[in-house]
Each structure stands twice: as C-alpha cells, then as structure tokens.
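Work through the following exercises with the sequence and the model open. Each task is followed by a solution in steps.

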Amino acid sequence: MDPEERAFQERINAGGKIEPKDWMPEGYRKTLIRQIGQHAHSEIVGQLPEGNWITRAPTLERKAILLAKVQDEAGHGLYLYCAAETLGVSRDQLTRDLLTGRMKYSSIFNYPTLTWADMGAVGWLVDGAAIMNQVPLQRTSYGPYARAMVRICKEESFHQRQGFDIMMKMVNGTEAQRRMAQDALNRFWYPSLMMFGPSDAESVHSAQSMAWKIKMNTNDELRQKFVDQTVPQAEYLGLTVPDEHLKWNETRGHYDFSEPDWDEFFDVLQGNGPCSTDRMEARNMAWDEGRWVREGLLAHAEKKRARKMAAE
Amino acid sequence: MDPEERAFQERINAGGKIEPKDWMPEGYRKTLIRQIGQHAHSEIVGQLPEGNWITRAPTLERKAILLAKVQDEAGHGLYLYCAAETLGVSRDQLTRDLLTGRMKYSSIFNYPTLTWADMGAVGWLVDGAAIMNQVPLQRTSYGPYARAMVRICKEESFHQRQGFDIMMKMVNGTEAQRRMAQDALNRFWYPSLMMFGPSDAESVHSAQSMAWKIKMNTNDELRQKFVDQTVPQAEYLGLTVPDEHLKWNETRGHYDFSEPDWDEFFDVLQGNGPCSTDRMEARNMAWDEGRWVREGLLAHAEKKRARKMAAE
Amino acid sequence: MGDNTLVLGHRVSEWCGVAPVLEEDIALANTALDLIGQTTLWLNLAGEVEGKGRDADALAFRRDVWDFHNVLLVEQPNGDFGQTIMRQFLFDAWHRGYLTALTGSSHTQVAAIAEKSLKEVTYHLERTTDTVIGLGDGTEESHKRMQSALDRLYPYIGEMFFKDAVDEAMISEGIAPDPTSLRAAFDSLLDEVLAKATLTRPDGTFAHKGGKSGQRHSEHLGHILAQMQWLQRAYPDATW
Amino acid sequence: MGDNTLVLGHRVSEWCGVAPVLEEDIALANTALDLIGQTTLWLNLAGEVEGKGRDADALAFRRDVWDFHNVLLVEQPNGDFGQTIMRQFLFDAWHRGYLTALTGSSHTQVAAIAEKSLKEVTYHLERTTDTVIGLGDGTEESHKRMQSALDRLYPYIGEMFFKDAVDEAMISEGIAPDPTSLRAAFDSLLDEVLAKATLTRPDGTFAHKGGKSGQRHSEHLGHILAQMQWLQRAYPDATW
C-alpha cells in the first residue's frame with residue numbers, strides 16, 4: 001500500500017469523511033459509483049411497482065400518500081445521482097448504463113404489485129429491508145453519500161410506517177382484505193430477504209468494501225436483523241410468514257429461517273425477473289420518448305443564454 | 001343529353017341495373033364513388049364507438065354479440081370497398097381520402113358511447129336509421145351496390161333487434177339502468193335524425209341522384225318515416241323522446257317533431273364533432289402503425305410468387 | 001371544481017415514473033398530489049352541502065360518468081409530454097383566475113379552500129408557463145409538437161368560460177364569479193405566453209361542451225373511472 | 001382453460017377497429033369471438049363442477065387476480081401487431097395440441113367442448129402460422145419486429161407445458177393429458193414455422209411461471225380486470 005493510500009485508509013479508520021476533492025483510490029471511486037448508481041436506479045425503477053396502483057388507490061387519502069411517496073423516491077434518485085456526480089460520472093451516463101442493462105437496480109423491483117395489500121407489503125417489508133441496509137450507510141466514509149443517506153433514511157422510515165399502517169387496515173378489514181394481506185406477505189417475504197444480497201460466503205467485494213466503510217455490515221447480519229425485527233410484526237398483524245422452518249432459536253437469540261431460492265435471485269439478476277422486461281420497457285420508453293423534451297429544453301436554455309449575452 | 005346518356009337514363013327508368021363494364025356518365029361514377037366510399041368509411045369508423053365497450057361488456061354473451069356485430073361492420077366495409085373498386089378506385093385511395101379528411105363518414109360516429117345503454121341506443125336508433133336509409137338502396141341502379149346492400153340490410157336489421165333487446169333489458173332493470181336508457185335516448189335522438197342529412201331544401205345533388213336512382217327517397221321523407229316508426233317503440237319502452245314539440249298530427253298522419261340543431265350538424269361535418277379528433281387519431285394511428293404489416297405481407301407474397309415462377 | 005381536479009389529477013398521475021426527465025417526474029407527481037388534495041377539500045364540501053352523508057371518497061369513487069361535472073379538457077388523453085403540459089398550462093391559467101376570484105367568495109369555506117389552492121396553482125402556472133415557452137421556443141421538433149398540442153386542445157378552452165344555470169345561481173349569491181368575466185385576462189396571458197413560445201394561436205371559435213354540464217363527456221372519462229373506481233366497486237364493504 | 005381464453009379474448013378484442021388492414025380487423029374480431037364463446041363453455045362447466053351456483057359470468061366478472069389461472073403468456077400486452085400475432089401463434093400451437101388430447105377425455109363434457117373448440121382453433125392456427133411466416137419472411141423491418149416479438153414472448157412458452165398438482169389429478173382420472181407430453185410436437189411445429197419465417201429460436205431455457213398456479217400474475221392482469229369487470233362491479237344488482 002503506498003503512502004497516499006495508507007493515509008486514506010487511516011483517515012477512514014479514524015472515522016473521517018472523504019470529500020469529492022480528496023484523493024481516493026480508483027477502486028474506491030468505482031465501487032462507490034456502482035453502489036450509489038445502483039441505489040439511484042433502484043429509486044427510479046422503484047417508482048414503477050407503486051406507480052402501478054396510484055390510479056387505482058382506494059381512497060383519496062391513500063392516493064395522496066402514495067403519490068407523495070413516489071415523489072419522494074424520485075427525489076431520492078435525484079440526491080443519489082448528485083452524490084454520484086461528485087465522483088465524476090454524469091446522470092446521463094448512469095442512465096444509459098441502466099437502460100442498456102450494464103448497471104443493475106434492486107432485484108425487488110422486478111416483482112409485480114398485484115393487489116392493494118402489496119402497497120402495504122412494499123412499505124412494510126421492502127422499505128423495512130431498505131432501511132436496514134441504509135441506516136448504517138449514514139456513517140459511510142464518503143461524505144456526500146452519507147449525507148444523502150441521512151435525508152433518505154428519515155423519509156424511508158416514514159414510508160415504512162405508512163406501509164405498516166396499510167397492513168393494519170387490511171388485517172382488521174374484511175375477509176378478502178385479510179386474504180390480500182397474507183397473499184402479499186407470501187409473495188414479498190423471500191424477495192425481501194434477497195434484498196440483502198447473497199449470503200456472505202458468496203458475496204464478492206465485501207471485505208474491501210467493509211474496510212473502506214462503503215459497506216458497514218455483512219449481508220447475513222442484516223438479513224438476520226431484518227427477520228428478527230419483522231417476524232414479531234407479522235405476528236402482531238396475525239399473518240403467517242411463509243416459512244415452515246421459521247423458529248425462535250433460544251441459544252442464538254435469533255430466529256432460524258429458510259434461505260430464499262438463490263437460483264431465482266440469480267435468474268432475476270440476469271433479467272429474468274417476473275417484471276424485468278416490463279420495467280426496462282417502461283424506462284426505455286420514457287427515455288426515448290422524452291428525448292425531444294430534453295433536447296427542446298436544452299435548446300431553449302442555450303437560446304436564452306445567447307440572447308442574454310448579446311444584450312450585454 | 002347525348003344518345004348514350006339518354007339510353008343510360010332510359011335503362012335506369014325501366015328498372016334495369018348498371019354493371020361495372022357498362023358505359024356510365026362521369027357524374028354518375030363520381031357520385032357513386034363518393035356515396036359508396038362514405039358508406040364504407042362509416043362502417044369502418046363505426047367500429048370504434050361500439051368497440052369502445054367490447055372490453056367492458058357486462059356479460060360474456062353481450063360481449064360475444066357485440067364482437068360479432070363489430071365484425072359484421074368490418075365485413076360491410078369490405079363489401080362496400082369492393083363495390084367501389086368496380087368503379088375504378090382502389091381501397092387504398094379511398095382510405096387515404098378518409099384519413100386526410102377529403103372524404104367523410106356518417107356524422108353519427110362522431111358522438112361518444114358513454115354507458116352500456118348506448119350499445120342499445122346505437123343498435124336501436126343508429127342501425128334503425130341506417131336501415132331506413134339502406135333498404136331502398138337495395139333497388140339502386142348500380143348492380144354491385146344494390147347487391148351489397150341486400151346482404152348488409154339483412155345483417156343490419158338483426159343488429160337493430162339486438163339493440164332493441166338491450167334497451168328492453170335496461171328499461172326492465174334497476175333504476176340506474178332505466179336512467180341510463182333514458183340518457184342514451186336523450187343523447188342519440190337528434191344525432192340519429194341528422195343521419196338523414198339536411199332538409200330537402202338545403203340538400204345538394206339530390207335531384208340528379210334521384211333521377212339516377214342512387215338516392216331513392218328525399219332526406220325529409222326518410223326522417224319522417226324514422227320518427228313515425230321510432231316514437232311508438234320509445235313509448236313501448238317507457239322512454240321519453242327528448243322533444244317537447246313531438247306530437248301526432250292527425251291530419252298529416254305523421255308525427256310533428258323538432259328539427260335537430262343544424263348548426264351542430266355542420267360543425268360536426270367540419271370536424272368539430274365531440275369525437276371527431278379521437279376517431280381520426282385512431283384511424284390514422286391504425287394506418288400508420290400498420291404500414292410495416294401491409295408492406296411485410298406484400299413483400300412475402302412477391303417472394304413467394306418469384307420462388308414459384310423460378311421453380312416452374 | 002372537485003371533479004376537475006380529480007380527473008386532471010388522475011391524468012397527471014398516469015405519468016408516474018415515466019416522465020422525460022427526473023425533475024419532471026417530481027414536478028408531475030407534485031402537481032397530481034396538489035390536485036388530489038384540492039379534490040378532497042372540494043368534494044368534502046360538496047358532500048356537506050348536498051347533505052346526504054356522502055364524503056369526498058363516496059363522490060369520487062361511487063359516481064358514474066354522467067354525474068361528473070369536469071370540463072372536457074381535463075379528461076383529454078395525456079398524449080405526448082407536450083400535450084400533457086399544454087393541457088396543464090391551459091387549465092392552470094384558467095384555474096388561477098377562477099381561484100383568485102373565489103378567494104372573495106361570500107361562502108367562507110369556499111374562500112378558504114380557494115386561498116389554499118391558489119398558492120399551489122400559482123406555482124403550477126409558473127412552472128407550466130416556463131415549460132410551454134421552453135419547448136415552444138426549443139428545437140424545431142419541440143416547437144412542432146407544442147403547436148400541434150395547442151391545436152389539438154384549443155377547442156376545449158371555451159368550456160371553462162361558459163356560464164350555465166349553476167353559475168348564474170352562484171353568481172347571484174356571491175359564491176362564485178361569472179366565468180365569462182375571466183376570459184379577457186386568460187386571453188391576454190395566453191397571447192403573451194404563446195408569443196414567447198413562438199406558437200401561433202389557432203383560428204376558429206368553436207368550443208366543445210358537455211363535460212361541465214355532465215350531458216356529454218368524452219369516451220375517455222369512462223375508462224378513467226373504470227381504473228379509478230374498480231377497487232372500491234369490487235370491495236364495497238371494505239375500509240382502507 | 002376458460003381463464004386462458006377469457007384473458008386472451010380480451011387482449012385480442014382490444015384491437016377492435018384499429019388493425020393494420022381490414023381483413024385483420026375481421027380476423028381478430030373473429031378470433032376474439034371464438035375465444036369468448038369457448039370461455040362461456042369452459043367457465044359454465046367449471047361453475048357446475050364447483051357446485052356453488054356460479055355461472056360463467058360470475059366467474060368471469062367477480063373474481064380478483066389471484067383466483068385467475070391463465071398462463072402469463074395471454075396477459076402480455078398487445079404491443080405492436082407482430083407481438084399480438086406471435087402471442088396468438090404460440091398460444092394456438094399449444095391450444096391445438098391440448099384440445100386434440102382433450103377430445104379423448106374421459107369426461108364427456110370436456111371432450112365435447114374440446115371437439116367444438118378444436119375446429120375453431122385449427123383455423124386460428126392456420127391463419128397465425130401464415131401470418132408469422134409472411135411477416136417473418138417479409139421486409140427487413142417486419143422480420144426484425146417478428147424476431148423481437150419472439151424474443152420477448154419466448155420465456156412465456158414454458159408455463160403452458162408445466163405439470164402441477166391439478167394436472168396430476170386430472171391425468172390420473174383420464175380427464176386431461178400430461179402437458180409435458182405435448183411439448184415435443186409443439187417444438188417441432190415451432191421449429192418448422194420459424195424456419196419458414198426465417199426467424200431464429202432464442203437460446204435459453206428460462207420460463208416464467210405463476211399465472212397458471214395463480215400465485216404470481218403479471219401486473220397487466222389487474223388492469224385487464226379493472227376494465228373488464230367495472231360495469232358488473234359498479235352495478236352488482238343489474239341484469240343485462
């Protein structure tokens with residue numbers, strides 16, 4: 001390790017923050033770009049499964065809450081792209097990498113939302129898992145990223161409560177609503193567990209990322225924490241977690257649980273998620289059909305600048 | 001009148017038919033092309049207001065009946081384009097004239113279908129008025145047109161009965177259904193009266209067309225006949241015709257009734273009907289987006305022909 | 001008022017996640033959110049005035065097409081982004097004028113809702129004005145698309161300024177302004193913005209009607225309601 | 001069976017009045033009509049077997065997404081005409097094989113419905129085969145579009161040939177064939193048609209599932225049902 005790199009690592013070890021103008025190893029920069037970019041893309045694509053129910057929300061209040069949530073997600077995307085831009089990559093470049101499939105987004109958004117209870121389950125489980133991933137990242141070593149996460153986490157936990165509130169209404173509702181709630185849990189349980197990534201043994205890049213404090217906990221640690229937190233909530237709701245091996249393990253002080261189907265996970269990663277095609281079609285269409293708008297607004301801005309300069 | 005033209009007119013007067021290969025005056029040919037073309041276009045555009053409810057039909061049986069009806073309309077369009085082709089104009093040319101607005105279609109199809117009762121009203125009133133117009137045309141002087149009308153009239157009267165049957169169900173149904181039925185009659189009454197064209201005083205081309213037996217009755221005659229036939233049916237249904245001046249005139253032996261709003265009629269003719277833009281957008285989109293299909297099938301047919309010739 | 005904001009809010013929300021640029025995703029969601037918020041206020045008030053125990057949700061989710069009184073403009077399809085923005089601009093320009101007048105309403109609740117809405121709508125109008133100008137005076141293509149959006153929507157402007165019997169009654173009680181009185185200010189704003197946007201105001205004075213009266217909506221509204229109301233209709237006994 | 005024909009019939013009927021050429025308007029309406037007719041027969045039988053007094057209409061218009069058992073293929077969006085025709089061809093090819101086997105069913109009503117449907121479906125398959133070949137071996141553009149339609153839909157083929165517990169039960173009673181046994185004939189037909197159409201069969205063996213089991217439909221089905229069922233849901237007491 002050369003002196004520059006050593007100084008960099010020592011600063012991180014001491015809990016210092018790296019800022020955009022600071023020297024950083026190329027691997028640190030690249031890993032961060034990948035991680036922040038994927039996170040940003042997840043926020044963007046994440047609008048779609050919930051957007052799917054805005055036009056069919058059951059009350060005006062629920063519609064407004066959902067709109068506000070989706071708006072927040074777009075806002076999160078924006079902060080994160082800005083954080084990535086401080087590392088020297090443009091939003092357009094990241095977008096193109098998403099659209100051509102070179103960059104990924106969270107596999108969870110390749111699952112469909114099929115009933116209104118899914119709006120509850122997404123808030124409760126998916127945002128719950130996201131928060132579990134994100135809270136430690138508020139202490140990540142890269143300053144702009146850490147600051148973005150602070151703001152995002154605050155909003156996410158609000159979303160999670162709203163999701164849980166929907167679930168509460170559902171389980172206290174009619175028989176059909178209770179069935180919807182259970183069905184949503186059945187479908188979102190394992191995909192939520194997958195959100196923490198493959199088990200530590202199979203996870204690449206982990207050790208280096210943890211040394212750099214880009215990653216603060218192992219995948220399995222976070223997954224366990226999520227299960228431990230979520231199972232009592234499911235019990236409180238009167239719902240059954242779809243895992244016959246789920247059991248409190250007194251010795252470990254944790255729940256034992258079944259692994260998700262990792263073959264499915266890798267299928268989804270390879271673009272074979274239930275909605276992968278739909279999601280990419282939607283984003284590509286938005287990008288292609290929006291080109292004239294972006295170009296038009298740009299051309300106008302340039303005209304205005306030219307006029308202003310001519311007038312000066 | 002030159003001898004050729006005189007012979008032509010005498011043949012018509014004697015009740016003879018003109019066939020494609022026979023000599024005919026240029027005006028006769030042009031008028032027929034316009035009339036048959038407009039009729040064909042009406043069948044094509046006429047698929048849209050009813051097509052609007054196929055995906056929302058209330059029972060499988062009603063859905064099937066509606067699909068069959070719309071299929072018949074496309075079929076009628078096909079016969080009529082074929083009849084027009086015997087006069088030396090291609091279907092593509094007629095279609096282009098429709099899409100550029102040079103040729104018209106029946107103004108009635110610029111009105112929207114807003115509730116299921118409209119499927120009844122369209123069948124009962126619109127097909128009813130169409131039949132009133134078309135039955136005499138089975139005796140029109142141009143052979144291919146007269147024969148097409150025979151076939152079309154048979155199917156149309158079947159459609160009219162189906163429409164009346166829907167209205168019967170509605171008026172014998174719930175309060176909401178009765179309200180729907182009355183609302184449909186309110187909206188379709190005057191547009192149906194307009195289907196016979198402006199009053200005789202304002203109608204152009206009429207005298208010549210009647211001499212040529214392209215037009216068999218005046219607009220006002222047919223309109224009166226339609227009112228006389230339809231009012232008792234409305235009474236039977238327990239619905240109120242939306243015309244406070246409607247009254248049986250003992251002396252005339254006909255109903256007196258209010259004229260439709262001819263300003264509205266001319267607005268619609270000029271492309272300002274409630275759905276004119278929607279209809280033309282739909283047809284233009286179908287044509288533009290279907291180009292690759294038409295070209296693809298044509299290219300394949302030519303390849304096949306070439307391969308066959310090479311093999312011989 | 002509530003039907004206008006409900007239907008337009010629905011249309012705008014259809015853009016969710018597929019806008020041309022992220023900032024527009026946010027802006028459109030924000031517009032939809034404001035409109036749905038206003039809908040709740042207006043329809044709750046309408047339900048109170050009606051006195052049959054229907055709240056905003058009952059009015060939004062349990063009426064059929066014929067009982068809606070929104071203008072035809074707001075139910076027009078989104079089309080491309082240009083059509084959506086032009087529709088929004090035309091509506092915002094009317095909406096701001098109408099709300100401004102309503103802030104002086106003799107009905108205190110009406111005045112209060114108008115006051116609150118006006119702040120939001122003033123911001124909407126600023127934004128859509130800028131976007132219409134930006135795209136009108138942008139590239140050749142964006143100009144062409146904005147001009148055809150304007151041509152497409154122009155015949156739907158008139159209905160916002162028609163005066164009917166309900167207006168007459170509200171005018172006489174000082175509840176609401178005479179819609180016709182707002183046209184001149186709208187027209188001069190429109191001319192000003194179109195000039196900056198290098199767009200040409202279409203000829204012709206034809207105006208579609210039938211939405212505000214409820215007598216003849218377009219076919220689009222039924223499809224909007226099928227989507228908007230399905231869940232409430234499918235599970236009539238549920239609370240959410 | 002009834003859910004497959006219902007959902008596909010709905011999708012096909014969305015083309016009403018906007019097909020690329022008049023002959024296709026007629027053919028698509030005819031296909032939709034046949035599929036809806038078959039739906040009535042299958043769902044009435046399903047209701048009888050269920051014995052809870054539900055007829056075909058109750059099953060079609062009063063169930064939510066999770067109670068539908070159609071394969072995912074039939075709920076895929078229409079896309080362009082190429083995607084619609086490719087979807088139809090793939091379905092027809094499976095459908096003909098399955099119906100042929102069902103004509104030998106031990107259940108006489110099943111055999112009778114299969115017999116009647118088979119005539120219609122044989123005609124559908126002839127037509128879609130010709131169209132797939134014509135467009136695949138047409139212009140460069142039509143070829144490209146047909147290839148991408150095939151690539152898009154290919155992962156939805158597998159589900160039609162999955163065997164689940166319901167199949168097991170029906171096989172053991174001689175009611176229905178083993179779906180896996182029909183794959184070979186399907187594959188050889190597919191290869192033959194693709195060769196004539198100059199199209200390339202995609203690599204990969206991945207197959208989506210969740211429709212037939214009802215466990216995980218696509219998001220499209222909910223939108224289909226919102227439209228299909230709104231009227232029945234909005235006026236539950238009416239007869240039509």
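## Exercise 1: Salt bridges within chains

A search of the whole structure, which is a predicted model, finds 66 salt bridges over all chains.

Task: Find the distance between the closest N and O atoms of R252(A) and D256(A), and decide how accessible the two residues are.

Solution. 
- Step 1. R252(A) and D256(A) form a salt bridge, with the closest N and O atoms 2.9 Å apart.
- Step 2. Turn to chain B, where the side chains of R252(B) and D256(B) meet in a salt bridge of 2.9 Å, N to O. R252(B) is partly exposed at 41% relative accessibility, and D256(B) is partly exposed with a relative accessible area of 26%.

Task: Determine which helices are joined by the salt bridge of E24(C) and R127(C).

Solution. 
- Step 1. The closest N and O atoms of E24(C) and R127(C) are 3.2 Å apart, and the two residues form a salt bridge.
- Step 2. E24(C) belongs to helix α2 (residues 22-50) of chain C, and R127(C) to helix α6 (residues 108-136) of chain C, so the pair ties together parts that are 103 residues apart in sequence.
- Step 3. E24(C) is buried, with a relative accessible area of 5%, whereas R127(C) is partly exposed at 24%.
- Step 4. Chain C also holds a network of salt bridges that links R183(C), D187(C), D191(C) and R201(C).

## Exercise 2: A buried arginine

Task: Describe the surroundings of R187(A).

Solution. 
- Step 1. The side chains of R187(A) and D183(A) are joined by a polar contact of 2.9 Å.
- Step 2. Leave aside the neighbours within four places in sequence. R187(A) is then in contact with P112(A), L114(A), T115(A) and D118(A), and with Q215(D) and R216(D) of chain D.

## Exercise 3: The contact of chain D with chain B

Solution. 
- Step 1. Chain D and chain B share 3 salt bridges. One of them joins the side chains of K303(B) and D137(D), at 3.2 Å from N to O.
- Step 2. There are 12 residue pairs in polar contact between chain D and chain B, both residues at pLDDT 80 or more.

## Exercise 4: The contact of chain D with chain C

Task: How many salt bridges and how many residue pairs in polar contact are there between chain D and chain C?

Solution. 
- Step 1. In this interface 11 residues of chain D are in contact with 11 residues of chain C.
- Step 2. The area buried between chain D and chain C is about 970 Å², of which carbon and sulfur atoms give 54%.
- Step 3. The count of salt bridges between chain D and chain C is 0.
- Step 4. The count of residue pairs in polar contact is 6, both residues at pLDDT 80 or more.
- Step 5. The side of chain D that touches chain C has 6 nonpolar, 3 polar and 2 charged residues.

Methods: Residues numbered from 1 in each chain as written. Chains lettered and ligands numbered in written order. Predicted model: local features only at pLDDT ≥ 70, side-chain atom pairs only at ≥ 80, totals over all residues. Heavy atoms only, no water. Salt bridge = Lys/Arg side-chain N within 4 Å of Asp/Glu carboxyl O. Polar contact = N/O pair within 3.5 Å; in protein donor to acceptor, adjacent residues only side chain to side chain. Contact = heavy atoms within 4.5 Å. Buried area = accessible area lost by both parts, 1.4 Å probe. Nonpolar A, V, L, I, M, F, W, Y, C, P; charged D, E, K, R; others polar. Buried < 20%, exposed > 50% of the residue type's maximum accessible area, 1.4 Å probe, protein only. Helix = DSSP H or I, 4+ residues; strand = E, 2+ residues; numbered from the N terminus.
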